[in-house]
Amino acid sequence: MTSLPSFDRAGAAVSRVVSAVQPDQWELPTACTSWNVRAVFEHLVHGNLRTAAWARGEPPPESPPPWDDAPEVFARSLSVLREALADPGLSGRTVHVPFGDVPGAMLVPIRVNELLVHGWDIADATGQPTDLEPDLADEALSSWTARFGDAPRPPGGPFGPPVPAPAGASAADRLAAFLGRRSVRADEPEAQR
């Protein structure tokens, strides 16, 4: 089971990515085809706050908070979520989330996976290194592989069919490829990446 230190590492890795986004990069397209960098970022912040609410048994916020300082709002959302995930009683409770009821202990790996995948989306779109926390990305890939296997993924779902990972791909790149993501920078000449 994924631990809170793993959540901390994934959060720190994505915080570094968010802090490096330049003002002119928020509208860039991402591998999440219907979302730009801003939308992916807001999805992460909103997801952190929603998960904290689910962990506490509270109604989740309907939208992400307004922001003008991305690193600050992201750090705040991680802090709120970490406090909720650290509740010693969480692992013994069942938590209601949009896709059903799950053991409270599952919220940590769910968020680690989400942080890694969407952190990859932002890093890829903004030209940053995408090799986020290799051992955590390997764990996430194993988890998603066990969950999906070879089952078809319907159109319009959050994940497309797997795509081939580039030769020598990092663990995070293999994770992204398994979840149907193609780098938005894949067609750029190597010298521009």
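Author: Arg93 counts as partly exposed, because its relative accessibility is 32%. The model under discussion is a predicted one. Arg93 has a charged partner: its side chain meets that of Asp87 in a salt bridge, with 3.4 Å from N to O. Asp87 is likewise partly exposed, at 31% relative accessibility.

Salt bridges that share partners also join Arg9, Arg16, Glu133 and Asp135 into one network. Within it, Asp135 pairs with Arg9, and the closest N and O atoms of the two are 2.5 Å apart. This pair links distant parts of the chain, since Asp135 belongs to helix α5 (residues 134–148) and Arg9 to helix α1 (residues 4–20), 126 residues apart. Asp135 is partly exposed at 39% relative accessibility, and Arg9 is partly exposed at 30%. Arg16 and Glu133 form a further salt bridge, at 3.8 Å from N to O. Arg16 lies in helix α1, while Glu133 sits in the loop between α4 (107–125) and α5, so the pair ties together parts that are 117 residues apart in sequence. The two partners fall into separate exposure classes: Arg16 is exposed, because its relative accessible area of 52% lies over the 50% cut-off. Glu133 is buried, because its 16% relative accessibility is under the 20% limit. In total, the structure holds 10 salt bridges.

Helix α4 has 19 residues and spans 27 Å from its first C-alpha to its last, close to the 27 Å expected at 1.5 Å a residue. The helix is mostly covered, with 18 of its 19 residues buried. Just after α4, Gly127 adopts a positive phi of about 75°.

Helix α4 also takes part in the pockets. The largest pocket has a volume of about 1,300 Å³. Its lining comprises 46 residues, of which Glu114, Trp144, Arg147, Pro158 and Phe159 are the closest to the centre. The elements that give two or more residues to this lining are α2 (37–56), α4 and α5. Among the contributors to the lining of the largest pocket, α4 gives the most, with nine residues. By residue class, the lining of the largest pocket divides into 25 nonpolar, 14 polar and seven charged residues.

The second largest pocket has a volume of about 450 Å³. Of the 23 residues that line it, Trp120, Asp124, Pro166, Asp173 and Ser183 are the closest to the centre. Here α4 and α6 (171–178) each supply at least two residues of the lining. The lining of the second largest pocket divides into 11 nonpolar, five polar and seven charged residues.

To draw the account together, α4 is a helix with 18 of its 19 residues buried. It gives nine residues to the lining of the largest pocket and at least two to that of the second largest pocket.

Note on methods: Residues are numbered from 1 along each chain as its sequence is written. This is a predicted model: local features need pLDDT of at least 70, side-chain atom pairs count only at pLDDT 80 or more; totals for chains, interfaces and linings use all residues. Side-chain values use heavy atoms; hydrogens and water are left out. A salt bridge is a side-chain nitrogen of Lys or Arg within 4 Å of a carboxyl oxygen of Asp or Glu. Helices (H or I, at least four residues) and strands (E, at least two) are DSSP runs, numbered from the N terminus. Buried means under 20% relative accessible area, exposed over 50%, partly exposed in between (1.4 Å probe, protein chains only). The expected span of a helix is 1.5 Å times one less than its number of residues. On a 1 Å grid over the protein atoms alone, a cavity is a set of points where a 1.4 Å probe fits but cannot get out, and a pocket is an open set with protein on both sides within 12 Å along at least five of seven lines; lining residues have an atom within 4 Å of a point. Grid points are joined across faces, edges and corners, and a volume is the space filled by probe spheres set on the points. Ala, Val, Leu, Ile, Met, Phe, Trp, Tyr, Cys and Pro count as nonpolar, Asp, Glu, Lys and Arg as charged, and the others, Gly among them, as polar.
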